[in-house]
Amino acid sequence: MLEDLTGVNAQEIPLDDKDTMTIFTNSAPLGYEDDPILGPTGAVAVPEFNTKFTRQMLCDTQPERFNTLIRLSGFSHGTDVWLGNARDLIVSGTATVDSTVGCRDDIMLYLMEQGVEPKMAFDIMEAVRKGKVKKGGFQAGWEEAMREHNVPDWYIDSLAKIGYLFPKAHAVAYVMMAFRIAWFKVHEPLAFYATFFSVRAKAFDAEYCCAGKDAVKRKIREIENNKDATNVEQDLMVTLEVCYEFYLRGFHFDTINIYES
């Protein structure tokens with residue numbers, strides 16, 4: 001739909017566009033900064049990075065490179081990979097984003113780089129990614145081999161906590177798609193919002209969405225403060241955040257027009 005509305009071929013969008021990369025850390029390219037409702041990033045409505053959980057992840061890691069976004073996709077899709085594991089290591093300064101485990105492939109490549117025998121590096125990766133190490137510990141000799149090759153204790157401990165790991169190629173495909181959509185958000189905003197409200201919004205309530213920024217803001221706060229919010233309200237909340245940003249960037253809805261809508 002974005003291609004149809006704009007005539008842009010998504011395959012040709014550069015994956016190193018500076019303004020697009022910037023919105024994963026701050027919203028300045030979108031014309032507003034550090035909004036109290038949307039937070040510091042401009043990632044609202046960008047697939048893979050649009051939830052409160054993943055937006056917090058962006059705040060914690062401040063990604064400036066495409067490679068970091070791929071790691072974050074691995075963190076968010078894995079089980080027991082981010083919370084209580086990689087996040088603690090990164091925030092405490094024990095490890096960098098690039099040195100922690102984001103995807104399956106990271107383990108094998110890192111262990112081989114350290115000099116661990118390739119077959120063993122592969123077997124450790126496979127056991128970790130399936131959660132076998134978490135359930136039953138490392139096989140005999142694995143920990144010793146890693147320590148012999150100067151693999152740090154924090155890394156070995158981190159592997160032992162992992163329940164499931166994403167394959168890197170999968171993360172790359174997701175992030176390429178997310179980045180292309182983010183490009184439209186930065187450079188073709190009206191097409192972006194029109195498309196989001198048409199095909200992505202699970203719940204759309206014209207009464208709130210068309211009532212202006214202040215009304216949208218009030219409804220967001222109301223749902224946020226309601227501990228018993230229904231699933232429909234939670235879905236509406238996602239749409240309202242996007243709608244709030246749409247107003248924040250200076251756009252508005254016209255009333256329905258039989259000749260134009």
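**Close-up views of the predicted model**

View 1. A pocket is an open set of points on a 1 Å grid over the protein atoms alone, where a 1.4 Å probe fits, with protein on both sides within 12 Å along at least five of seven lines, and lining residues have an atom within 4 Å of a point. The lining of this second largest pocket comprises 21 residues, and Ala-45, Asn-50, Thr-51, Phe-196 and Val-238 are the closest to the pocket centre. Helices H3 (52-61), H12 and H15 (231-248) each contribute at least two lining residues, and H15 gives the most, with seven; helices are DSSP runs of H or I with at least four residues, numbered from the N terminus. The model is predicted, so local features need pLDDT of at least 70 and side-chain atom pairs count only at pLDDT 80 or more, while totals for chains, interfaces and linings use all residues. Residues are numbered from 1 along each chain as its sequence is written, and side-chain values use heavy atoms, with hydrogens and water left out.

**View 2. The largest pocket.** The largest pocket has a volume of about 580 Å³ and is lined by 17 residues, of which Phe-246, His-252, Phe-253, Asp-254 and Ser-261 lie nearest its centre. Helix H12, which spans residues 189-200, gives the most to this lining, with five residues.

**View 3. Aromatic rings around Phe-253.** Among the 20 aromatic pairs found in the whole structure (Phe, Tyr or six-membered Trp rings with centres within 6.5 Å; stacked under 30 degrees, edge-to-face over 60, otherwise tilted), Phe-246 and Phe-253 form a tilted one, at 4.6 Å centre to centre with 35° between the planes. The rings of Tyr-247 and Phe-253 have centres 6.1 Å apart and planes at 75°, so this pair is edge-to-face. Phe-246 is buried, at 5% relative accessible area, as is Tyr-247 at 12%, whereas Phe-253 is partly exposed at 24% (buried is under 20%, exposed over 50%, partly exposed in between, with a 1.4 Å probe and protein chains only). One aromatic cluster includes Phe-192, Tyr-193, Phe-196, Phe-246, Tyr-247 and Phe-253.

**View 4. The buried face of helix H5.** In H5 (residues 82-91), Trp-82, Asn-85, Ala-86, Leu-89 and Ile-90 are buried. Seen down the axis of H5, these buried residues fall within an arc of 115°, so they line one face of the helix; the arc is taken from the directions from the helix axis to the C-beta atoms. Just after H5, Gly-93 takes a positive phi of about 85°.

Terms used
Points joined across faces, edges and corners; volume = space filled by probe spheres on them.
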